[in-house]
Amino acid sequence: MLRHYLTVTVRNLLKHKLIAGINLFGLTTGLTCCLLILAYILHETSYDRAAPNADRTYRVTREFYNPEGASTLQLSSVAPPFGPLLKNDFPQIEQLSRMILFSPVVVRHEDRILTEDSLFFSEPAFLELFGVRMLRGDARTALSEPRSVILEQSAARKYFGDQDPLNQELKIDARILCKVTGVYQALPENSHLHPAVLVSFSTLNDSTVYGERNLRTNWSNNAFHTYFRLAPGTDAAQLEAQLPAFLDRHLPQPQRAADYVRPSKMSSLALQRLTDIHLHSNRADELEPNGDVNRVYIFGIIALFVLLIACINYMNLSTARAALRAKEVGVRKVVGAQRSEIILQFLGESVLITALATLLAVGCTVLALPWLGRLAGTALPPQLLWQPPVLLGLAVLPLVVGVVSGLYPALFMSSFQPQQILKGFTKISGGLTFRRVLVVVQFMVSIGLLVSTAVVALQLRYLRQTPLGYDRAQIVTLGFPLSLRPQYEAFRHALQQQAGVQALGLSSRIPTGRLLDASDAAASVGDSLRPTSASVKYLGIDEGFLPTYGIKLAAGRNFDPKAFPTDTAGFILNATAVRLIGWKSPAEAVGQAFRYGGVPGRVLGVTEDYHFESLHQPIVPMVMFLSTVTSRSSYNYLSVKLAGADVPGSLQHLERTWKAFLPDEPFTYTFLDDSYDRLYQAEQRQSMLFGIFAGIAILIACLGLFGLSSFAITQRVKEIGIRKVLGASTATIVVLLSRDFMRLVLVAALLAFPLSWYVMHRWLQDFAYRIAVPWWIFPLAGLAAALIALATIASQTVSVARANPVKSLRTE
């Protein structure tokens, strides 16, 4: 019996090659999309799960609040004293490790000088918490002694080549001489951090590096990532509930406006499960860019919709083929076939096509995974699909999808009455409404994806074209090493000898970064200084920073310490800070008394607002002041504005000057435009993937429309012949046959418009500065879908309308 079913299935597929091929193509395309998205989702949800006892491992985070209780800063790291105090106060913490990123930093071995972007000071417990596998050295002692360093395998090759790195020396930041005590295997790609160099945490006890006293008492340097593992059976929520009391117990007791404020009202600690970091955390000090769980949900929904569209296609195309197989069903019923046997026959065909489509889809997925990985910006190995649950799903998939997509056609075609079919009454009209609903669903999804793709593209264009308040074109940024500070004036003079260098300036941070630094501020209100309610971020700059970036002053003047030595006690605010403090205008703010971080001074100028951070964040109140080696904030970056005439020549001059003054410092630079583009890489990738999947959805939907239109046309061949005999033109017949389908597309568009508007409106809320969803996108997307649908229908209706009516009426 099974052999007979298989034989009949193969014969029918070969007999109707076009419909079988379309079915196979549609299912293969839909399944390939699903498998690609499944691989992406599996990768995104697998982060940090390779760590031992990952479900019991947590990261401590900190959040700050203003006096009104509103959140002003969310950090993924905390101050250094918290680690030992947590371990001491909560015995349910089994292991705890602190680590701090100390990069970019220059690392030297003999004559090899390199800039390291992923160097951490780390406590020994990190190796156990993250399951780091040592290739050389002993994990128990590798980070136990001061000035010990262990290297990731590729970093060891980078510094030592084929030499044995153990017991060799590395000089870090030209002052910390360390001995290599181990080499370890890199953490998996699906980890939220990838340290290349780990220096023993006890090295920080040295006062020339950080200082043991700072580690115990510095509550303001919230740059230490702190991880711990809880004992089995410990309730993390109960421990987290004790953290406010923990803060009140240990933090210094502040006074604000003569009223005591509990420390737990000014900031809070929270526990973040290790496996939740990648998809559920987007804090201000993440070690690497994280993913987004909403993106995972969106692409998961797209995968289901694409598979649904593919299944709908099979239903429509199989039903369209019903008239061609009606006599087969009639003959089989006459010779004794039961309806259940006919249903099994058609379901068998569906499962067979789906099984073949699954095999093809797996092959296409393996070939396409590297391409998708490049688009998604991450490695997606085929091994993601070889996991036992996925393999089991692939084995069951043909049966599930085959039955889902084939059940309705099987029930429909097995219901034919043999006496009517064999007498020539082959008009098949049952289920037409249901099939139209399916096509509406297909085009509703497709139009929704088109609208979403257009909105994402417009938002990205808005991000690229929005005036930022500063000039980012042809600005080169470099790290500002300590060794350059004593000779900076000579360096600047030498650099400006070439006409290609227009300006240069120093700053503690650079635009496209985050403004994380803040201190207490007080402003002149009436006759006294009063604390500001707003959290005012600070930026250390020199007198060249504002001209280099073309930042305009709304009132007052720039710093000029040579002409005005007292400018070292002066401040420049942005317009947002002036407004939130309560001054009526920038001009009124100039000359007012202002105190920041305990340092009194006066407002020298007010800049117009500029977008220092990405457009995801609103412009925050900001104060700028001069920084020196001994003052409040050190310079970390050098920004150089190049002329447009000869950028390569200007870069060569910059490199020559750098090497003349800093022969032991590697010359590495970044164009600010590149840094700005990286802010929106996730959205750019999302836009590209949306466009691709929207195109695939439209393609598969058109295959479904092809099925429904071919079904309708086969039922109206004789009607078309009669109309032709009575004088109807080809154009009239094409319009007649297309009209009903255009109505379906219109209904789909009307349903898709409000749904897609709602989804994209929610997506845009992630941006502080965003477009309003333009009304014209909706009719444009509907028109595009209608034109594609019309082209699909016309490909069949024109040939039928031009056919000789004599052939159509011959059997009447």
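Where does A174 lie? A174 sits in the loop between strand 9 and strand 10 (176-184). The model is predicted.

**Loop backbone**
- A174 is not a glycine, yet its phi is positive, at about 60°.
- A174 has a relative accessible area of 60%. A174 is therefore exposed, as the cut-off is over 50%.
- N167 also has a positive phi without being a glycine; the value is about 70°.
- N167 belongs to the loop between helix 5 (153-160) and strand 9 (169-172).
- N167 counts as exposed because its relative accessibility is 56%.

**Cis peptide bond**
- The bond from S103 to P104 is cis, and its omega is near 0°.
- P104 falls in the loop that links strand 3 (93-101) and strand 4 (105-109).

**Helix 17 and helix 21**
- Two packed helices are described by the angle between their axes and by the distance between the axes.
- Helix 17 (residues 488-495) packs with helix 21 (residues 647-661) at about 150°. Their axes are 10 Å apart.
- Angles over 145 degrees count as roughly antiparallel, so helix 17 and helix 21 are roughly antiparallel to each other.
- The crossing of helix 17 and helix 21 is right-handed.
- Helix 17 brings A490, F491, A494 and L495 to the contact. Helix 21 meets them with H653, L654, T657, W658 and F661.
- By class, this contact of helix 17 with helix 21 holds seven nonpolar and two polar residues, and no charged ones.

Conventions
Residues are numbered from 1 along each chain as its sequence is written. This is a predicted model: local features need pLDDT of at least 70, side-chain atom pairs count only at pLDDT 80 or more; totals for chains, interfaces and linings use all residues. Side-chain values use heavy atoms; hydrogens and water are left out. Helices (H or I, at least four residues) and strands (E, at least two) are DSSP runs, numbered from the N terminus. Buried means under 20% relative accessible area, exposed over 50%, partly exposed in between (1.4 Å probe, protein chains only). Axes are lines fitted to C-alpha atoms, for helices over the stretch in contact, and angles run from 0 to 180 degrees between N-to-C directions. Angles under 35 degrees count as roughly parallel, over 145 as roughly antiparallel, 65 to 115 as roughly perpendicular and the rest as oblique. A crossing is left-handed if the near helix is turned anticlockwise from the far one by less than a right angle, and right-handed if clockwise. Contact means heavy atoms within 4.5 Å. Ala, Val, Leu, Ile, Met, Phe, Trp, Tyr, Cys and Pro count as nonpolar, Asp, Glu, Lys and Arg as charged, and the others, Gly among them, as polar.
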